[in-house]
Amino acid sequence: MKFFFQRNETDSEVRIELKTASFYLLVAMIVGWMAISFILQSNEAGSVFLPILIGFMMLRFFALVKVQKEVLVAMRDKRLTTQGSKFSFANPFIYIIKKKPQLETEA
């Protein structure tokens with residue numbers, strides 16, 4: 001799901017970048033549906049566009065569920081930091097999750 005987020009992993013951390021374009025597309029779709037339904041008062045066009053909007057919302061939700069679970073676990077373990085803004089293309093919102101140290105066992 002590269003359109004919604006990008007996950008990069010190193011030896012010490014995981015960086016998950018939330019894509020700004022998918023957020024703005026969702027906002028644009030909601031505004032478009034409201035304009036069609038309420039301003040233009042076109043129930044036919046609104047009823048065609050609404051399932052597309054709901055489908056996109058569900059796709060985005062299920063694409064980010066795995067990310068949110070990982071973020072919640074890291075937050076509980078106090079290994080999470082964030083940077084950026086979900087409204088900025090130049091400085092996108094990034095979760096930075098520090099990995100747990102591996103215990104080395106001697107064989």
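Thr82 has Tyr95, in β4, as its bridge partner, and β3 and β4 pair in the antiparallel sense over four bridges; strands count as paired if DSSP finds at least two bridges between them. Helices (H or I, at least four residues) and strands (E, at least two) are DSSP runs numbered from the N terminus. The model is a predicted one, in which local features need pLDDT of at least 70 and side-chain atom pairs count only at pLDDT 80 or more, while totals for chains, interfaces and linings use all residues. Residues are numbered from 1 along each chain as its sequence is written, and side-chain values use heavy atoms, with hydrogens and water left out.

The open sheet has four strands in the order β1-β2-β4-β3, with antiparallel pairing. β1 and β3 (80-83) stand at the edges with a single partner strand each, so one side of each is left without a neighbour in the sheet. From one strand to the next the twist averages 20°. Helix α2 packs on this sheet, touching β1, β2, β3 and β4, and its direction makes about 50° with that of β4; contact means heavy atoms within 4.5 Å, and angles run from 0 to 180 degrees between N-to-C directions of lines fitted to C-alpha atoms, for helices over the stretch in contact.

The largest nonpolar core has 17 residues, and those with the most contacts inside it are Phe4, Phe5, Ile16, Leu18, Val67, Tyr95 and Ile97. Such a core is a set of buried Ala, Val, Leu, Ile, Met, Phe, Trp, Tyr and Cys residues joined through side-chain atoms within 4.5 Å, where buried means under 20% relative accessible area, exposed over 50% and partly exposed in between, with a 1.4 Å probe and protein chains only. The largest share of this core, seven residues, comes from α2.

Rings of Phe, Tyr and Trp (its six-membered ring) pair if their centres lie within 6.5 Å, and planes under 30 degrees apart count as stacked, over 60 as edge-to-face and the rest as tilted.

| Pair | Centre distance | Plane angle and class |
|---|---|---|
| Phe4 and Phe56 | 5.9 Å | 45°, tilted |
| Phe61 and Phe62 | 5.1 Å | 75°, edge-to-face |

Phe4 lies in the segment before β1 (5-9) and Phe56 in helix α2, so their pair ties together parts that are 52 residues apart in sequence. Phe4 is buried at 3% relative accessibility, and Phe56 is buried at 11%, whereas Phe61 is exposed at 53% and Phe62 is exposed at 56%.
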